[in-house]
Amino acid sequence: MRRYAVQRLGYGVVTMWLVTLCVFALLRVSGDPIKYMLPPEASFSDIERMRRVHGLDKPLWQQYLLFNKGIVTGEFGVSLRWDHRPAFEVFLSRLPATLQLTTAAVVFSVLLGVPLGVLAATRPNSLWDRLGRTGAVIGQSMPVFWVGLLLILLFTVWLGWLPSAGGIDRLGLAGLIMPAVSLGFYLVAAHMRIVRSTMLDALSAPYIVMVQAKGIPRRVVLWKHALKNAAIPVFTLFAVNFAQLISGAVITESIFAWPGMGRLLVESVFARDYAVVQTVVFFAAAMIVILNIVVDLTYAWLDPRIRLG
Amino acid sequence: MKGTGSEVIASVPPPLQASEVGLAAMVARVRNALRGAPTCSLVILALALICAMGAPLLAPSSPVVGELADALQPPGGAQHLLGTDNQGRDLLSRLIYGARISVTIGLLAVFVAGALGTAVAVLSGVYKGWVDVVLMRCTDAFLALPFLMVAVTVVSLLGPSMLNVILIIGLLRWMGYARVLRGEVLRLTEMDFVRLALVAGASHWHLMRRHVFPNLINTLLVLGTLELGVAVIAEAGLSFLGLGIPRPLPSWGTMLAESQQYFYIAWWLPVIPGLAITLLVMASNLTGDWLRDRTDPTRRQL
Amino acid sequence: MGQARLSSVGVRLAGVLGGLVVLAMVSQASGQQATPASVAKLTVAVDGWGGNELDPWSLSTVNFLQDYFNLRLMGQDEEGKPVPLWATEARLTDEGVSFTLNPKARWQDGRPATAEDLQLNFEGMTGKFEPQFKGLWNGGQLRDTIQEIQVLDPHHIFIKTTRPNPFFLSQWAGVAYHLIWYGHAQYLRAVGHEGYINNPIGGGPYKVKEWKAGERIVFERWEEFWGDYPWYRKPQAKTMEILRVPDGAARFALLQSGQADVVSNIPYAIAKGLPRQRGRGPWIRPYEAAGHMALTFVLPMVVLEGTATEEERHDPTLDPRVREALELAIDKRAICDKAHFGLTSPTNSLYSPGSFGWRADLGNRISPYDPERAKQLLREAGYPEGFTTTVHFGQFPGRPGIPEALDAIAGYWARIGVKMTAVEHDAAQFVARVRPPERAWRPIMLQTFGRLEHSGVRVNDSYHKDSPYSAAWTPRTQELWLQASATTDEAKQLEALAGIEDELLQHRYLIPLYAASLIMGYSTRVLAHPTPRFAPHFMDLDRIVLKD
């Protein structure tokens, strides 16, 4: 098991290095940030001066070495568009909002998806089940931004119940509802389907049937045994979908003017703010890689061949 | 797919019976193949395909030229069944041409991603060793890259166009194929018939071409159908952010993006294109699910 | 008997009338007292304010939030005329420029704002204190024009310019439009860049209370603000919060639901149904001609500069008949009336309506809509079947209506056989690659132009060879531009501007399209917003008058 864990961690490091290489290459190739920074009235000499002032006239390989050194020492460079604050500081200031959003989305999807899945599993092929499954498929098919737009249309424009832009410290928890729902919407369907299928499998397993025959109430059987089986696949699903969640967060944050990491990323990419983009992608990728490692290790631990081998 | 090698190789069909010949037999075979099919979804997919191929014939008017005086008509009019947009363009025509764009992009993106993913999976699974390790690390790395970051960068380099959208989606979706197919390939290479072939001196390339690849087609079909929906949504997302199909071409995503400021006066502009996207994606999801169940009867229906 | 009844009726009548009069007086009085001296909060939502830098000596681009906490030398009143702010007087000659500063001016920590501070500001902006302070994005231009700064006494300063600079006041003093803000120089030098951005101390009516870069800023009124002009004094709102919400519909949703009182840049489709006066619900007021748009044919310049490829030399847009046809095929009035819901106006000038250089007779002579003649011209030019072309554009905060206009133009051109796709580029990239020699956006681009006073140069800077935001030029426009930028004589400048415009329109290198207005939205809380009629972006938020 230890060997496996070490191997997986090693793979993780290699993956992270590849990611940073990709990002560095893509950014440098896509254009010079100074050009994108200054207003149209800036003269050619202004541009040259700015480039010199920001140290962007060094050769590429030198910049790459500095960049790598920076990651190892924990300095992620200085932002170009955020008042020359350290890129790490800019990233940290936006991270909480995205974490709040993604957590809320996941919580919403679990709170809604799991009971729906249980309901569907306990009444297989009934009307509820078919309705639920259809609803789930529809939910998974709706584009994230469409859900967001429809929610705004309904709850802000027509009903006026919920605020639609700003983030938690401005709006409080009420402002979290719509973005979380639009982000978590498609996950509800996924969770529901996974829970339903694993529970159906579990419920038809011989020992469950036996336990029921012994007279243990169905509810206990349901929640204690069958649901436990669903926990791992749900977690795996979450881990696998985490990258998609981050992508979805970008669009959701744009629609709801949510002050998070996703919006920061998009704006920094458009502005070619190298340091900030590199920092955000690094940490987002790190989260994804770590999650994947955790999932792999969990499965490995569950598999006695690997655990004991 | 479980089973021994002999089931997988079964490529020699049994001799035809008399009752299996003829139109009736053909119809019977088709009906058998379509057993349990989600009819609505297949109809929707067929409709999308028809729109894609015959858009100029089907659309009642031009998707690009509109009469400004007719702008923002609600659906239900005699001239414009689904209403008009802010330029007076017929929404139904734009929807049909938009289907053409979505289907084309979806199919081509699936093709690109599928080809790339299959190549990686086959190379990984057949050669194993460090080739496998390197390719899998690359797969992980790509999985960790934010879709939008790559999209913005590619678009800013190459400009927004249909080809670049296909490229972006293809480049960022191949990992799913790679992972799933790699598992299949690994399983295939463990089987007796493959080992026998290797012992008999078959080259890796021969192996990949004759034995591995044909057995992946089923899974590829399933994955491809499911990924069609993903590609459609990805394209809509890119167009929504202004990184996709240039105007005035009627991509459904662009139509959604444009509709935002007309919420208050023209509800059909955001609702109808979004509905179209949802229906197409739903159709692809349900069909993919059905295909998966058909090709792997041991798995319970989800 | 009758007399008694009459008198009692009369008394009652008098009583009623008197009551009515009293009622009227009371209501009028209470109406006059309806504007409180101070309200708690004002919330504003905008689509963008420029850059995110608080440090006035390290601006990489304009940041309109600086209006509220740092100082400007002069401002504009509702007519657009220069009014004193920090500087009570400004005099421009060929030798240089002199300012008289308001002796009451102070920084928010109580220290007086003197001429020496102004001098330090100029030095910091030109990059003298690098690497601490990066200098302004146009600090190079400032350094080129300043020969020497003479502080005559704490409130008088004279800046000797290297050569006559007719643009000094509009670029650096804010008379046309402010792109420069002056900060608390001694504090900046004492705490450095880091210290400043974590606790900015300015001199304007508001103090920075909370700042979330790129998202929102919360200002708190400075109770001891020194300004006592009618147009620059202690604001009514104790707290002002400015939010950045890029999406137009979401911004309006904030207004409609009461979460914001003022919203900048309401999309035309939403604005069209709203009243222009305060009433029962949200109401609007436009900043007229905030900017204007034109289609620019890039290939003639490319050929002139010698960087055209072989294929480009045969492009249809090089033929003036084709360019004329393309203009005749567009119904500019319909675009403004229908696609923009009447909130923009068609134009035929290279300069914004009402701005310096605008000639009404030329500007209002809109090109006719004549698709038949357009088709005929195309046939003459050798394109009876039409051709395919591309228009490049970008979208900028405060410049609405572009995608709708391009969609309509695509439709109009399709009718004469010209297949057009409009390719969008992100704003920064669009601006960056317009410049020669790259001139990336071939063959046609849609360019936005701010008001002439806005861009800080009174002679529009887009029509000469070395222009960074180049539109079109010919040797003649080059000559005229050089003439105009070497004189402070306004009559001569106007003559040169007219010459440039005539030359370029005659060659049809540009198709002027429409003058865009910027729609401001207000809630019922807002009574008034004194601000210039023509302005390129939201201004004077500190002058908003609220009911409660």
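Author: Two strands count as paired if DSSP finds at least two bridges between them. The model discussed here is predicted.

Reader: How many residues lie between the strands in the hairpin of β8(C) and β9(C), and which residue takes a positive phi?

Author: The hairpin has 3 residues between its strands, and Gly214(C) adopts a positive phi near 80°. Strand β8 of chain C covers residues 206–212 and is joined to β9(C) by 6 bridges, the two running antiparallel. Within this pair, Arg221(C) of β9(C) stands opposite Tyr206(C).

Reader: Which other strand do bridges join to β9(C)?

Author: Strand β12 of chain C, residues 237–244, runs antiparallel to β9(C), with 5 bridges between them. There, Ile217(C) has Ile242(C) in β12(C) as its bridge partner.

Reader: Turning to a loop, where is Asp461(C) found, and why does it count as partly exposed?

Author: Asp461(C) sits in the loop of chain C between β18 (444–450) and α16 (475–484). The partly exposed class lies between the buried and exposed cut-offs, under 20% and over 50%. Asp461(C) counts as partly exposed because its relative accessibility is 21%.

Reader: Which residues does Asp461(C) touch, not counting those up to four places away in sequence?

Author: Asp461(C) touches Ser467(C), Pro468(C) and Trp481(C). Trp481(C) is 20 residues from Asp461(C) along the chain, and their C-alpha atoms are separated by 8.2 Å.

Terms used. Residues are numbered from 1 along each chain as its sequence is written. Chains are lettered from A and ligands numbered from 1 in the order in which they are written. This is a predicted model: local features need pLDDT of at least 70, side-chain atom pairs count only at pLDDT 80 or more; totals for chains, interfaces and linings use all residues. Side-chain values use heavy atoms; hydrogens and water are left out. Helices (H or I, at least four residues) and strands (E, at least two) are DSSP runs, numbered from the N terminus. Buried means under 20% relative accessible area, exposed over 50%, partly exposed in between (1.4 Å probe, protein chains only). Contact means heavy atoms within 4.5 Å.
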